Amino acid sequence: MEKFDWSMVEFARTKWRSEVIPDALPILIRWAQEGEAHSYSDLAQELHDNYGHDIKPRKDLYGTVAGGVAQALEWLSEQWGKPIPPLHTIVVNKATRHPGEGAITISPAYFAGKKLDTEDDRRVHLREAMEDVFTYQDWDRVARALGATMLAPASGPVAEVSSNAPIPLPKVQQGGGTESAEHRALKRWVANHPEEFMDYGDFTAGTNEKLLSSGDQLDAHFDNGKHRLAVEAKTSKCSEDELQRGVYQAVKYRAIVRAEQKATRHVPNGEAVLVCTRAPNAETRALIKRLQVRFQQVPAEAEQE
């Protein structure tokens with residue numbers, strides 16, 4: 001394989017970028033191994049803390065830094081004959097927590113052949129790209145090929161910062177009890193009211209007890225051939241621990257539905273929503289926000305037979 005030289009990277013052809021871009025690669029690889037996206041401000045801070053680079057007041061300049069890493073990976077993809085997940089997509093806008101759509105054009109090998117006609121298409125594929133970055137197993141090989149050192153990923157508890165205090169895990173019960181009449185009614189109501197879930201797709205009536213490939217069974221499921229929605233339903237009588245368990249179930253179902261879509265060569269745009277007839281408390285709301293779970297409160301009469 002041809003030896004890599006950072007001077008081959010178009011974005012690295014100024015003095016500042018030629019110094020900063022190679023040092024950004026180990027930082028982005030560490031973030032990938034830690035499984036979390038970060039902002040351009042975070043990248044600026046890490047470059048300062050790890051390598052002593054001055055922090056530029058214009059954080060948009062760090063977009064070209066991430067772009068330089070992308071160009072290096074594009075070169076390596078050509079050498080290996082297979083696309084490498086676009087590492088730069090985990091550097092996101094601080095406000096939206098999404099990568100810019102320009103992230104697609106700089107990695108043509110990875111996004112080749114994917115439907116990118118609409119903003120929704122591009123957003124779905126960018127999200128898929130981020131997931132591929134987090135699950136990729138050869139980042140150490142990438143680092144060696146590009147002559148980069150590795151930074152040890154963080155492990156254990158994350159330092160507490162203001163509103164990011166740890167949220168206790170819910171108590172988990174072994175085995176399931178008898179299903180209540182309210183829960184049966186709520187599941188049926190959800191399946192028969194697709195209009196309540198228009199934000200996730202244009203659905204007709206859904207089904208109850210949909211069995212996923214993992215063996216998990218959904219309370220309700222909607223599928224219009226283009227979009228899928230998994231629903232976890234909790235009644236007003238459920239404890240706060242049970243409602244929080246529903247948050248984790250929604251995370252699981254979302255991942256499985258998207259995995260099924262990927263396996264069957266569909267756009268992995270599946271979503272999951274936690275439904276309840278009462279509002280969550282403050283701690284559960286914080287958990288919902290942190291895990292980016294969809295929550296929808298439905299009318300109390302939904303659980304009446």
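Does His125 count as buried or exposed, and at what relative accessibility?

1. **Basis and overall form.** The structure is a predicted model. Its chain comprises ten helices and seven strands. Taken along the principal axes, the C-alpha atoms fill a box of roughly 70 × 40 × 35 Å.

2. The chain has 305 residues, of which 45% count as buried. Among contacts in the chain with a separation of 6 or more, 62% are accounted for by residues 24 or more positions apart.

3. **Surface and charge.** The accessible surface of the chain amounts to about 16100 Å², and 49% of this belongs to carbon and sulfur atoms. There are 38 positive and 45 negative side chains, with the centres of the two sets 2 Å apart.

4. **The largest nonpolar core.** This core contains 42 residues, and those with the most contacts inside it are Leu43, Leu87, Trp139, Val142 and Leu146. At least two of its residues are supplied by each of helix H1 (15-34), helix H2 (40-51), helix H3 (62-80), strand S2 (91-92), helix H6 (119-135) and helix H7 (139-145). H1 provides the largest share, ten residues. Another core lies apart from this one; it has 17 residues, including Cys238, Val247, Cys276 and Ile288.

5. **Leu87.** Leaving aside residues up to four places away in sequence, Leu87 touches Leu25, Leu28, Ile29, Ala32, Val69, Leu73, Val133 and Trp139. Two of the residues named here, Leu87 and Trp139, are also listed among those with the most contacts inside the largest core.

6. **Helix H3.** Just after H3, Gly81 adopts a positive phi of about 75°.

7. **His125.** To return to the opening question, His125 counts as buried because its relative accessibility is 6%, under the 20% cut-off. Not counting residues up to four places away in sequence, His125 touches Phe111, Lys114, Lys115, Leu116 and Val267.

How values were computed. Residues numbered from 1 in each chain as written. Predicted model: local features only at pLDDT ≥ 70, side-chain atom pairs only at ≥ 80, totals over all residues. Heavy atoms only, no water. Core = buried A, V, L, I, M, F, W, Y, C linked by side-chain atoms within 4.5 Å. Buried < 20%, exposed > 50% of the residue type's maximum accessible area, 1.4 Å probe, protein only. Helix = DSSP H or I, 4+ residues; strand = E, 2+ residues; numbered from the N terminus. Contact = heavy atoms within 4.5 Å. Areas by Shrake-Rupley, 256 points an atom, 1.4 Å probe, with all protein chains shown as cover. Lys, Arg positive; Asp, Glu negative; His and termini not counted. Charge placed at Lys NZ, Arg CZ, Asp CG, Glu CD.
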